[in-house]
Amino acid sequence: MNKDLHLKKATEIAELVNSKKITATEVTKYFLSRAEKLNTKINAFNFLTPELAIEQAQNIDKQIQDGKTFILAGVPIGIKDNLNVKGIKTTCSSQILKNYVSPYESTVTSKLWEAGAICIGKTNLDEFAMGSSTEHSAFAPTKNPWDLQTVPGGSSGGSAAAVASRMVPIALGSDTGGSIRQPAALCGIVGMKPTYGLVSRYGLVAFASSLDQVGPLATNVEDASLLLSVISGHDEKDSTSLEAKYEHISAQADLKGLKIGLIREFASNGKGINQEISNSINSSLQLFKELGAEVKEVSMPLISEHCLDVYYVIAPSEASSNLARYDGVRFGYRDTEATGLLSMYKKTRATGFGSEVVRRIMIGTYALSSGYYDAYYKKAQQVRKLISDEFEKTFKEVDVLLTPTSPLTAFPFGDKLNDPLSMYLCDIATIPANLAGLPAISVNCGFDSSNLPIGLQLMSGQQKDQKLLQIAKAFEEALRKNNSQVSAKLPELIGKVN
Amino acid sequence: MNSVIEEITKKYEPVIGLEVHAQLKTNTKLFCSCKNEFGGEPNANTCPICLGLPGVLPVLNKTALDYAIKASLALNCTVNPKSKFDRKQYFYPDLPKGYQISQYDQPLASNGFVDLPDGSKVRINRLHMEEDAGKLVHAGAERLHGSAYSLVDLNRAGTPLTEIVTEPDIRTAEQARLYVQELRLILIYCGVCDGNLEEGSMRCDVNISLRPQGTEKFGTRAEIKNVNSFRSIQRAIEYEIERQAEILDEGGEVVQETRLWEENRGCTITMRTKEEANDYRYFPEPDLLPINISSEKIQNIQEELPLLPSKKREIYSQEYKLNEEESFIFVEDLERGSYFDECIKLSNNPKKVAAWVNGPVAAYLKEQRLSYFDTKLSPERLSEVLKLIDDGIVSDSSAKKDLIPDIFTSDLSPIELCDKKGLKQITDESAISGEVEAIVNQFPDQFSELKSGKDKMKSFFVGQAMKRFKGKASPALINKILDKLITK
């Protein structure tokens with residue numbers, strides 16, 4: 001049984017551990033050993049946390065012996081390295097926090113440990129979650145398990161690759177403009193950004209506070225739902241957190257009569273969407289129709305035309321402010337060559353931050369400066385409101401919106417590294433949900449001719465997270481029945497370990 | 001006002017506005033649950049939130065908000081039903097996040113005023129909430145520049161502040177001092193600030209410009225920082241009036257800048273010019289929700305407001321007919337004032353109560369370093385003493401002389417004390433009328449003079465009688481008997 005533990009769902013592992021068929025420690029050792037081997041090829045983890053993992057597992061085993069059960073009993077999880085785990089480094093894949101050890105625990109991770117999950121390690125990301133390929137990690141890029149020559153997407157590329165290669169069954173990511181969904185799409189797994197405020201941000205290192213949201217990455221919709229049910233809920237430490245709590249889905253939705261909106265501007269080659277992806281989306285729509293859903297084309301000009309512009313004013317503005325605390329004074333990296341206060345600030349920040357982070361701090365600082373604020377930040381917020389209105393209007397006509405998650409499948413390393421604008425375009429379909437605070441999920445819907453995964457994105461109205469996951473599960477089921485060959489596909493290298 | 005300033009103000013009119021930062025005396029900080037406490041080991045009262053560690057979020061202290069609303073109402077401000085927090089961004093080692101959470105374009109309250117004891121009125125432009133920064137300790141120099149190293153103490157970081165900004169209504173240094181004194185009292189009365197200037201609970205920045213007398217247009221202003229005592233407020237303003245007048249007299253132009261008050265040297269020096277001024281890049285704080293305040297809440301807090309100093313002064317002078325000095329003391333010294341207020345409820349002679357509280361009571365407590373409600377002399381007990389005096393059972397002078405310190409310390413009642421000490425006066429007319437008559441007979445010439453209308457002789461007989469009774473007969477009673485003998 002031990003041999004293919006990595007092919008099991010998180011729900012199945014928890015069940016095995018709770019029923020004492022296997023111990024959490026055995027599960028943990030299995031995945032730790034697997035992760036150690038695979039990580040040398042993929043670099044999904046910045047570092048593993050074997051000591052913490054074993055300690056947690058033994059603790060869970062003891063309690064299970066005492067008759068307790070846990071929702072995520074002994075389930076190994078990868079934590080994106082911009083979430084604080086007490087006593088463990090939080091690097092944000094940045095030089096400036098390279099040796100920073102957190103003295104406190106994030107709300108989401110404390111909920112995970114209470115639910116019996118095991119911390120396997122901290123996963124790689126684009127520095128401070130800024131990027132769409134994980135190439136902006138200050139340490140080393142993560143590789144896509146489906147093709148080691150290509151990127152896993154980003155910024156939660158480490159989490160996505162770790163799950164896709166089954167180093168862990170589930171992982172946490174954070175999504176500011178698509179950072180969970182786009183890498184999930186490129187790695188052929190499920191990734192979900194919940195409604196803004198459904199999950200506490202306390203302990204998530206802030207990139208853009210009004211857009212950031214923690215969410216699950218998993219191999220299947222059910223696991224994503226279970227993970228979300230554990231991490232969601234009101235947190236008095238986060239003033240923007242909602243009162244609502246997400247309840248794990250027990251069944252899939254009946255799609256009969258479901259109204260699916262296809263955003264015209266993102267359909268059929270719009271917005272640089274690759275033809276193979278368009279084709280795959282079209283067959284998915286066909287599948288939805290066969291299940292009784294109605295597909296309706298909707299036009300959302302504001303969203304398609306202005307989202308990137310609005311996002312690249314608001315996100316860098318908030319980032320420029322959130323990243324001001326990395327000044328070398330109290331923690332993290334300090335340039336020792338500095339000769340005075342100003343020189344310390346300048347040198348520490350110039351050498352501590354990578355080029356993409358510097359670029360966004362510069363953009364944000366400019367957008368907020370006196371005389372430009374009205375033209376940039378304020379205007380962007382006004383348009384953001386209009387975008388939310390456009391969504392609200394559209395959701396009066398349809399239940400969910402459907403787009404490709406990413407206009408491209410996994411691309412080769414270096415392809416977009418020197419062309420920030422083309423990198424930014426990767427998030428064209430995912431950014432709108434962040435701007436409007438909506439839940440959105442990416443599920444695999446097929447593969448391109450190079451055997452690279454294609455992701456389909458579903459978005460719904462605020463706090464319709466549960467409905468969204470029920471629909472995603474129905475689609476996943478249908479795809480499995482319809483094309484079991486596609487849905488059962490796994491990256492080749494995952495079988496080469498253990 | 002000194003003569004130099006007097007001379008200058010014949011020519012120029014100073015236009016002054018003040019920004020006062022007052023610390024709110026909540027138990028915990030503005031955005032975390034750390035203790036809000038002065039002193040203590042450096043960085044003892046800190047947590048990941050007020051240290052600004054990666055990933056933390058602020059949560060508004062509701063008591064701090066209530067206190068700020070209370071202060072706003074006491075300053076006659078309109079509390080805005082909607083306001084919000086903003087980030088004010090600049091780099092400095094005492095500012096852990098690289099920004100201060102403050103309020104920019106939608107302050108908590110606006111449009112208030114303060115009535116000063118001199119009859120003038122200073123309008124309040126706005127009152128907003130913000131967090132305090134930490135403190136730097138410099139080694140080998142007074143400030144960062146020139147120090148070998150500097151240490152950061154973040155105990156104060158995140159302390160709740162209100163910033164109270166006046167309109168440019170102030171015209172003299174003295175009025176500025178009066179305003180700050182009155183503001184301090186109002187905040188203390190509301191129980192929202194301890195008003196301790198030495199500990200930095202209130203800090204003052206002064207904006208000041210001069211304009212030729214009789215003109216409307218404001219001159220170029222300088223902002224003076226670090227003005228942190230009543231004395232330095234007055235001194236800094238007077239220094240600045242002289243400095244600016246000198247520049248204007250020489251045909252020069254005042255530079256718009258921020259200046260620092262140097263307490264020891266008694267002057268202001270340039271801190272930064274307009275060109276060097278920070279661009280604070282304010283934007284709405286995305287980690288906090290906008291503040292919505294219901295009219296019920298405002299109503300409730302309004303009802304909780306105590307009697308404020310100006311109203312109290314009015315009652316003391318108009319109702320109780322106290323003189324200016326007395327009412328000043330009772331308004332200024334909160335404990336003495338409330339002791340007096342308690343006593344007055346039990347008496348119908350405010351002047352006499354005031355004289356006792358400010359006289360023997362205050363003197364004894366000061367000497368013993370005790371506070372008003374800490375001795376056996378409760379307001380009830382003091383009123384018993386005053387009643388004994390009113391009833392002629394003990395004389396005012398012997399009560400003041402002989403009942404102290406026993407009325408503060410003894411378990412015996414005031415009347416028992418008088419008995420024990422033999423202070424009781426003779427109140428029975430029949431008991432002494434014979435003796436008085438004997439004295440009259442002893443001095444027939446003097447009595448004839450008294451009878452013929454020479455009233456001065458009355459004190460002679462009262463004196464003789466007092467001698468005879470060893471002071472235990474009340475002069476009033478002796479007078480009464482004498483009157484009877486005269487008309488006999």
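**An enclosed strand and what lies beyond**

Modeller: Start with strand S9(A). A:Val400, A:Leu402 and A:Pro404 point one way from S9(A), while A:Leu401 and A:Thr403 point the other way, and all are buried. Buried means under 20% relative accessible area, with exposed over 50% and partly exposed in between (1.4 Å probe, protein chains only). S9(A) covers residues 400-404, and five of its five residues are buried, so the strand is largely enclosed by the rest of the structure.

A word on the source. This is a predicted model, in which local features need pLDDT of at least 70 and side-chain atom pairs count only at pLDDT 80 or more, while totals for chains, interfaces and linings use all residues. Residues are numbered from 1 along each chain as its sequence is written, chains are lettered from A and ligands numbered from 1 in the order in which they are written, and side-chain values use heavy atoms, without hydrogens or water.

Now the neighbours of S9(A). Helices (H or I, at least four residues) and strands (E, at least two) are DSSP runs, numbered from the N terminus. Two strands pair if DSSP finds at least two bridges between them. Strand S7 of chain A, residues 259-263, pairs with S9(A) in the parallel sense over three bridges. There, A:Ile260 stands opposite A:Val400. Strand S11 of chain A, residues 453-460, runs antiparallel to S9(A), and five bridges join them. A:Gln457 in S11(A) stands opposite A:Thr403.

Move on to where the chains meet. Contact means heavy atoms within 4.5 Å. Chain A gives 39 residues to it and chain B gives 33. About 2,800 Å² is buried between them, 60% of it from carbon and sulfur atoms. That area is the accessible area (1.4 Å probe) that two parts lose on being put together, summed over both. In chain A, A:Ser239, A:Arg325 and A:Arg330 lose the most area to chain B, together 22% of what that side buries. One salt bridge is counted between the chains. A:Arg201 forms it with B:Asp287, the closest N and O atoms being 3.0 Å apart. The term stands for a side-chain nitrogen of Lys or Arg within 4 Å of a carboxyl oxygen of Asp or Glu.

S4(B), residues 86-89, pairs with S15(B) over two bridges. B:Asp86 has B:Pro284 as its bridge partner in S15(B).

Chain B has another sheet. It is open, with nine strands in the order S2-S6-S7-S10-S1-S11-S12-S13-S14 and mixed pairing.
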